[in-house]
Amino acid sequence: MKLCRVIGKGDASIKEAGLEAATMLVVQEVDTAMTASGPLLLAVDTKGAGLGEIVAVVTGSTAVRSVGKGDVPYDAVVVAIMDHVSIHGKEIYNKNQEA
């Protein structure tokens, strides 16, 4: 899984079959300072994430398995909206303390 911040949304009027109802978010991996620093990904949102939220994203075959639709071309899927993230016992993210 990748830890990412939701930085935008994507929409397409013409989509592959099976993606008609999908909400697509632009996400970017974050570092240990919770700063967006990785590549941009277009991820299908299965959890109702909003702009600025920290999310867990799976990619590749794991993304396909997470939605249970093997015939739909999912490559990245939001599978969780994070409330807290700690590394070595130190909290680096708390959803309730974001400004």
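Biologist: In which sense do S3 and strand S5 pair, and over how many bridges?

Modeller: S3 and S5 (residues 76-81) run in the parallel sense, with two bridges between them. Strands count as paired if DSSP finds at least two bridges between them. Within this pair, Asp45 has Val78 in S5 as its bridge partner.

Biologist: Before I go on, what kind of model is this?

Modeller: This is a predicted model, where local features need pLDDT of at least 70, side-chain atom pairs count only at pLDDT 80 or more, and totals for chains, interfaces and linings use all residues. Residues are numbered from 1 along each chain as its sequence is written, and side-chain values use heavy atoms, with hydrogens and water left out.

Biologist: What about S2 and S3, parallel or antiparallel?

Modeller: Antiparallel, over seven bridges, with S2 covering residues 23-30 and S3 residues 36-45. Val27 sits opposite Leu41 of S3.

Biologist: How many residues lie between the strands in that hairpin?

Modeller: Five, and Met34 in this hairpin takes a positive phi near 65°.

Biologist: Is Met34 buried or exposed?

Modeller: Buried, at 8% relative accessibility. The cut-offs are under 20% relative accessible area for buried, over 50% for exposed, and partly exposed in between, using a 1.4 Å probe and protein chains only.

Biologist: And which residue has a positive phi near 50°?

Modeller: That's His88, also a residue other than glycine. His88 is in the loop between strand S6 (84-87) and S7. With a relative accessible area of 84%, His88 is exposed.

Biologist: Switching topic: how many salt bridges are there in the whole structure?

Modeller: A search finds two. To count, a side-chain nitrogen of Lys or Arg has to be within 4 Å of a carboxyl oxygen of Asp or Glu. As a general point, side chains of opposite charge can pair when their charged atoms come close.

Biologist: Which residue does Lys2 meet in a salt bridge?

Modeller: Glu29, at 3.8 Å from N to O. Lys2 is in strand S1 (residues 2-10) and Glu29 in strand S2, so the pair ties together parts 27 residues apart in sequence. Lys2 is partly exposed, with a relative accessible area of 27%, and Glu29 is partly exposed with 24%.

Biologist: What does Glu53 form a salt bridge with?

Modeller: Lys95, and the closest N and O atoms are 2.6 Å apart. This pair links distant parts of the chain, 42 residues apart: Glu53 is in the loop between S3 and strand S4 (54-59), and Lys95 is in the segment after strand S7 (90-94).

Biologist: Is Glu53 buried or exposed?

Modeller: Buried, with a relative accessible area of 15%. Lys95, at 30% relative accessibility, counts as partly exposed.

Biologist: Last one: what share of the whole chain counts as buried?

Modeller: 34% of the 99 residues. The accessible surface comes to about 5,900 Å², and 51% of that belongs to carbon and sulfur atoms. Those areas come from the Shrake-Rupley method with a 1.4 Å probe; for residues, only the protein chains shown count as cover.

Note on methods:
Helices (H or I, at least four residues) and strands (E, at least two) are DSSP runs, numbered from the N terminus.
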